[in-house]
Amino acid sequence: MSIDRGKDRAEGSSESPSDQPATPSRYESQKRRDWNTFGQYLNNQRPPVSLSQCTSNHVLEFLRYLDQFGKTKVHLQGCIFYGQPEPPAPCTCPLRQAWGSLDALIGRLRAAYEENGGTPETNPFASSAIRVYLREVKECQAKARGIPYKKKKKKATQGAADDESSSMMRFS
């Protein structure tokens with residue numbers, strides 16, 4: 001047995017990377033599936049919308065369309081369980097897409113858009129309208145569950161102040 005052959009075996013294979021089909025990661029597979037779904041959504045519009053004509057309004061319509069397939073109960077303001085994290089009984093409030101799912105979806109579509117020839121300047125998934133919509137969904141769902149999302153304070157400045165005050169308390 002030659003030293004080179006043993007080295008190849010230790011590295012995994014003697015075949016070149018192009019001889020083996022690369023298995024896409026879970027993220028890459030999901031990104032491709034999401035991209036294809038969005039493309040199909042645009043094609044099903046009347047009249048069909050090409051990717052070059054796609055705007056943030058089309059993306060917003062797509063996100064609202066996806067709500068019908070959601071699994072997250074979002075209580076309406078008039079519901080007796082509004083603001084309760086764990087309601088004691090069922091209600092008729094709608095199921096929606098969870099904020100985290102929508103946020104991750106937009107991230108994957110934003111990347112896929114640029115990987116498929118779009119420019120960052122024209123990326124409809126990166127528009128401020130999408131960021132505003134996601135923020136509103138996040139806040140609405142948090143209120144409906146009674147769990148406030150609080151802005152995180154900057155740790156660099158906050159941490160330094162905390163360190164000083166806690167060290168003063170220890171040595172006082």
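## Overall layout

Let's start with the contacts: among those between residues at least 6 apart in sequence, 59% join residues at least 24 apart. Please keep in mind that this is a predicted model.

The chain has six helices and two strands, and along the sequence they follow the pattern α-α-α-β-β-α-α-α. Of the 172 residues in the chain, 26% are buried. The accessible surface amounts to about 12,700 Å², with 52% of that belonging to carbon and sulfur atoms.

Now for a look at one helix. H2 covers residues 26-44, which makes 19 residues. From the first C-alpha to the last, H2 reaches 27 Å, close to the 27 Å expected at 1.5 Å a residue.

Which residues of H2 are buried? They are Lys-31, Asp-34, Trp-35, Phe-38, Tyr-41 and Leu-42. These residues cover an arc of only 120° around the axis, so they lie on the same side of H2. Their packing partners are helix H3 (56-66) and helix H4 (99-115).

## The cysteines

You will find zero disulfides in this structure. Cys-79 is in no disulfide, and the nearest cysteine sulfur, that of Cys-93, is 3.6 Å away.

Notes: Residues numbered from 1 in each chain as written. Predicted model: local features only at pLDDT ≥ 70, side-chain atom pairs only at ≥ 80, totals over all residues. Heavy atoms only, no water. Disulfide = S-S within 2.5 Å. Helix = DSSP H or I, 4+ residues; strand = E, 2+ residues; numbered from the N terminus. Expected span 1.5 Å × (residues − 1). Buried < 20%, exposed > 50% of the residue type's maximum accessible area, 1.4 Å probe, protein only. Arc of directions from axis to C-beta. Contact = heavy atoms within 4.5 Å. Areas by Shrake-Rupley, 256 points an atom, 1.4 Å probe, with all protein chains shown as cover.
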